[in-house]
Amino acid sequence: MQPDLPSGLSKEQMRKRIKNERRVELLLEEHRFYDLRRWKDGHKLAEPIMGMNIYNDNVSLRYEISKVEDRVFTGEHYFLPIPLAEQEKNPLLKE
């Protein structure tokens, strides 16, 4: 459950709160990718994927953040391909 919203939020502040609530409430439900595309926040998908290495020397644990993978997201990734069946319905989409 998210905390109550303060009154007097600007449009951008409210959007930021809504986006964060969806991020938290829909965790592991595979909505994030589509939300980021819909909101044109795809640049967040191009950030590197980070992981954590844990080292145990039998006295203490040491944690180290490391990069797992680089990702690419360009403007053309905002759009999905048009299925062939849909292209065939519209003669204006033919080459």
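User: Is leucine 28 buried or exposed?

Analyst: Leucine 28 is exposed, because its relative accessible area is 79%. The cut-offs are under 20% relative accessible area for buried, over 50% for exposed, and partly exposed in between, with a 1.4 Å probe and protein chains only. Keep in mind that this is a predicted model, where local features need pLDDT of at least 70, side-chain atom pairs count only at pLDDT 80 or more, and totals for chains, interfaces and linings use all residues. Residues are numbered from 1 along each chain as its sequence is written, and side-chain values use heavy atoms, with hydrogens and water left out.

User: Thanks! Where does leucine 28 lie?

Analyst: Leucine 28 is in the loop between H1 and H2. Helices (H or I, at least four residues) and strands (E, at least two) are DSSP runs, numbered from the N terminus. Leucine 28 also has a positive phi of about 65°, although it is not a glycine.

User: What about glutamate 30, buried or exposed?

Analyst: Glutamate 30 counts as exposed because its relative accessibility is 71%. It too sits in the loop between H1 and H2, and its phi is positive, about 60°, although it is not a glycine.

User: New topic: which residues line the largest pocket?

Analyst: The lining includes Arg22, Leu28, Glu30 and Phe33. A pocket is an open set of points on a 1 Å grid over the protein atoms alone where a 1.4 Å probe fits, with protein on both sides within 12 Å along at least five of seven lines; lining residues have an atom within 4 Å of a point. The elements giving two or more residues to this lining are helix H1 (11-25) and helix H2 (32-38). H2 gives the most, with 3 residues.

User: How do the lining residues divide into nonpolar, polar and charged?

Analyst: There are 4 nonpolar, 1 polar and 6 charged residues. Ala, Val, Leu, Ile, Met, Phe, Trp, Tyr, Cys and Pro count as nonpolar, Asp, Glu, Lys and Arg as charged, and the others, Gly among them, as polar.

User: How many aromatic pairs does the structure hold?

Analyst: It holds 2 aromatic pairs. In phenylalanine 33 and tyrosine 34, the ring centres are 5.1 Å apart and the planes are at 85°, so this pair is edge-to-face. Phenylalanine 73 and tyrosine 78 have ring centres 5.0 Å apart and planes at 80°, so that pair is edge-to-face. Rings of Phe, Tyr and Trp (its six-membered ring) pair if their centres lie within 6.5 Å, and planes under 30 degrees apart count as stacked, over 60 as edge-to-face and the rest as tilted.

User: Last one: how many bridges join S1 to S2?

Analyst: Strand S1 (residues 49-56) and strand S2 (residues 61-69) run antiparallel and are joined by 8 bridges. Two strands pair if DSSP finds at least two bridges between them. Methionine 50, for example, has lysine 67 in S2 as its bridge partner. S1 and S2 form a hairpin with 4 residues between them, and asparagine 58 in the turn has a positive phi of about 65°.
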